[in-house]
Amino acid sequence: MKLSIPHIDIQDIKSIDKVLKSGWISTSSKSINIFEKKISNLCETKYSVALNSGTSAIHLGLKILGVDKNTEVIVPSLTFIATVNPIIYLGAKPIIFDVDENHNLKIQDVINFLKKNTIFKNKKTINKKTNKTIKVIIVTHMWGRSCNFYNLKKICKKRNISILEDAAEAVGSYIKKVKYQHCGSIGDIGCLSFNANKIITTGSGGAIITNNRTFYEKAQFLANQAKNDSFNYIHNECGYNYKMNGISAALGISQLTKLKKKINLRKKIHQRYLFNFKNSKNIKILPYDPKYRTNYWINIIFFKNFSLKKIYNLSLFLLKKKIETRRIWRPVHLQNHIKRFQNFKIVNAEKFYNSCLCLPSEDNLSNSDVDKICNYIKKFYEISNNNKL
Ligand SMILES: Cc1ncc(COP(=O)(O)O)c(C=O)c1O
């Protein structure tokens, strides 16, 4: 039983087959324009740019928002390394913050930091400690859980700070203020991932979504080698080979038609996990907030009074039963190439890292599969901890 695997059906194969037979398989394929339109429709943004990964989307997005070696970017600690590496590619510095109980950026900490630790001068927010400009805040929607950052957005507008939403894990998840808005569509630029482990996939792939025409045009330009004159091969600046190819886009078009169904399947799996641990004091499933429409991408279990060593042994025990589990993301401020950067009051990220596991959540799990997984976990917990659930 797997964490999250792609499900490719006959409709997906037919869609790819059509593009293969047409010969339009490169980054000039018409299927890419179709996929981009469908992504814009889903997310209700004016524009989208299909790219070869979510990481490329974050890199391009930060570049377009003006991140360079003289600037700093605020990021949460508990995230996949691809959220923060693009800051390093651009020679900028991350400032790392803690996460809340949903594993999302702790918005109030960022607001407090902006108020107490920065000054606003010449339309720039300057970090008092480093004298550098804070250019962008990256808000993540971890595990497909919508991060409510409307308050922060208001402050960022006044402070001339852009918001890039890392919605890599949140295709099909929404935030609500007045009406539902797709994650990634609220900030200046949103980044999606269609990697094979995501709720829908293009093999590998990603997208930028935005309502800003200048950002959109710049993203298309830079993603396609920054070509100024295609007859004479003139490139006036450094571009990237970041566009999605036609085969991936064909798969994406077909996968999108199944998104609703996939979310419903994963919702049922999540509800079954909650049901299994509803009476447990020491083991909990991280709930998805029913206030928001979310994609229920992956289930996270957390243990009270259970050492990391025991969690590791549990993971091995489950693996022997062919049940795949994985630790949650290692907090980025603990990574070797990131730990030298400034961080701010991080407590939860490390606590969660040491007490959580990702559980099988792929579409095809039945109620009895989930019950089986939960029974093994309960049994292991009771025996090894000599403790009541
Ligand atoms: C939070 C987060 N950000 C960024 C990425 C990067 O996406 P990709 O793997 O498509 O480059 C991922 C995906 O794995 C992710 O989970």
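Visitor: How many bridges join strand β13 to β15, and do they run parallel or antiparallel?
Guide: Four bridges join β13 (residues 299-303) to β15, and the two run antiparallel. Strands here are DSSP E runs of at least two residues and helices are H or I runs of at least four, numbered from the N terminus. Two strands pair if DSSP finds at least two bridges between them.

Visitor: Before I go on, where do the numbers come from?
Guide: Residues are numbered from 1 along each chain as its sequence is written. The model is predicted, so local features need pLDDT of at least 70 and side-chain atom pairs count only at pLDDT 80 or more, while totals for chains, interfaces and linings use all residues.

Visitor: OK, which residue stands opposite asparagine 299?
Guide: Leucine 359 in β15.

Visitor: And what is the strand order of that open sheet?
Guide: The order is β12-β13-β15, with antiparallel pairing. The edge strands, β12 (283-285) and β15 (356-359), each pair on one side only.

Visitor: What about domains, where are the bounds?
Guide: Domain 1 covers 10-256 and domain 2 covers 260-385; such bounds come from an automatic or database domain assignment. Their centres, taken over C-alpha atoms, are 26 Å apart.
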